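These are my notebook entries on a single structure.

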Amino acid sequence: HKEYRRQRQMCIRDRMEAVWNTAPLSIPSMVGSFVSEETGTWFEICEDQPNFYTGEYANGQRVPATWDSSISYLGMDDRGWICSVSLFRMDSGRTQRETLAMMPDDYGGVNVMHIGGESLLNLPQQEAVWFEMTQE
């Protein structure tokens with residue numbers, strides 16, 4: 001079972017690597033909105049990459065995004081794509097940086113792990129949180 005899981009991880013990793021090699025900053029398979037019941041936050045990845053909006057998520061509703069940001073790709077390891085997200089708070093003009101690991105899953109969602117900076121997505125340190133893709 002452990003071996004199967006390792007192979008599956010390798011397979012996901014190969015797929016991710018292939019995606020990045022063809023279009024390093026478009027994260028083509030990840031365009032859309034992602035929500036987390038666990039953290040009460042959502043983010044959106046736009047087609048005209050690199051762009052990434054974040055906002056609050058409560059009672060199944062996405063509150064309009066207060067943050068606009070851009071993603072730059074730093075590399076990849078067993079946690080997924082390592083991305084530096086530069087965030088700009090639209091209402092206060094505040095800017096911050098956050099480093100995330102993003103690992104797509106087989107169900108159209110993405111596991112996001114906070115690695116450095118202040119977590120805008122309300123993520124715990126070094127622990128992946130699942131964001132589900134929404135159909136809206």
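**Entry 1. Salt bridges.**
I began with Asp91 and Arg89, whose side chains meet in a salt bridge at 2.6 Å, N to O. I count as a salt bridge a side-chain nitrogen of Lys or Arg within 4 Å of a carboxyl oxygen of Asp or Glu. The model is a predicted one: I required pLDDT of at least 70 for local features and 80 or more for side-chain atom pairs, while totals for chains, interfaces and linings use all residues. Residues are numbered from 1 along each chain as its sequence is written, and side-chain values use heavy atoms, with hydrogens and water left out.

How many salt bridges does this rule give? The count comes to three. As a general point, side chains of opposite charge can pair when their charged atoms come close.

I then looked up accessibility for the first pair. I call a residue buried under 20% relative accessible area, exposed over 50%, and partly exposed in between (1.4 Å probe, protein chains only). Asp91 is exposed because its relative accessible area is 55%, whereas Arg89, at 25%, is partly exposed.

A further salt bridge joins Arg79 and Asp77, with 2.8 Å from N to O. Arg79 is partly exposed at 30% relative accessibility, and Asp77 is also partly exposed, at 22%.

I next examined Arg94, which forms a salt bridge with Glu118; the closest N and O atoms are 3.0 Å apart. Arg94 lies in the loop between β6 and β7 (95-104), and Glu118 in the loop between β8 (110-117) and β9 (129-133), so this pair ties together parts that are 24 residues apart in sequence. Arg94 has a relative accessible area of 37% and is therefore partly exposed. Glu118 is likewise partly exposed, at 48%.

**Entry 2. Strand pairing.**
I took strands as DSSP runs (E, at least two residues), numbered from the N terminus. Two strands pair if DSSP finds at least two bridges between them.

Strand β3 (residues 52-58) and strand β5 (residues 67-77) run antiparallel and are joined by three bridges. In this pairing I noted Tyr53 opposite Asp68 of β5. β5 also pairs with strand β6 (residues 80-89), in the antiparallel sense and over ten bridges. Here Ile71 stands opposite Val85 in β6. How many residues separate β5 and β6 in their hairpin? Two residues lie between them.

**Entry 3. Two serines.**
I looked up Ser36, in strand β1 (residues 32-36). Is Ser36 buried or exposed? Ser36 is buried, because its relative accessibility is 1%.

For polar contacts I used pairs of N or O atoms within 3.5 Å; within protein, one must be able to donate a hydrogen and the other to accept it, and residues adjacent in sequence count only if both atoms are side-chain atoms. A polar atom of the Ser36 side chain lies 3.2 Å from the backbone nitrogen of Glu38. A polar atom of that side chain of Ser36 also lies 3.0 Å from the backbone nitrogen of Thr39. Contact means heavy atoms within 4.5 Å. Not counting residues up to four places away in sequence, Ser36 touches Thr41, Tyr57, Val129, Trp130 and Phe131.

Ser84 is found in strand β6 and is buried, with a relative accessible area of 7%. Its side chain makes a polar contact with the side chain of Arg97 at 2.7 Å. Leaving aside neighbours within four places in sequence, the contacts of Ser84 include Ser70, Ile71, Ser72 and Leu74.

**Entry 4. Cysteines.**
I searched for disulfides, taken as pairs of cysteine sulfur atoms within 2.5 Å, and the count is zero. Cys46 is buried at 14% relative accessibility, and Cys83 is buried at 0%.

**Entry 5. Nonpolar core.**
I defined a nonpolar core as a set of buried Ala, Val, Leu, Ile, Met, Phe, Trp, Tyr and Cys residues joined through side-chain atoms within 4.5 Å. Which members of the largest nonpolar core touch the most other members? Of its 21 residues, they are Phe43, Phe52, Met102, Val112 and Phe131. β2 (41-45), β5, β6, β7, β8 and β9 each supply at least two residues of this core. The largest share, four residues, comes from β6.
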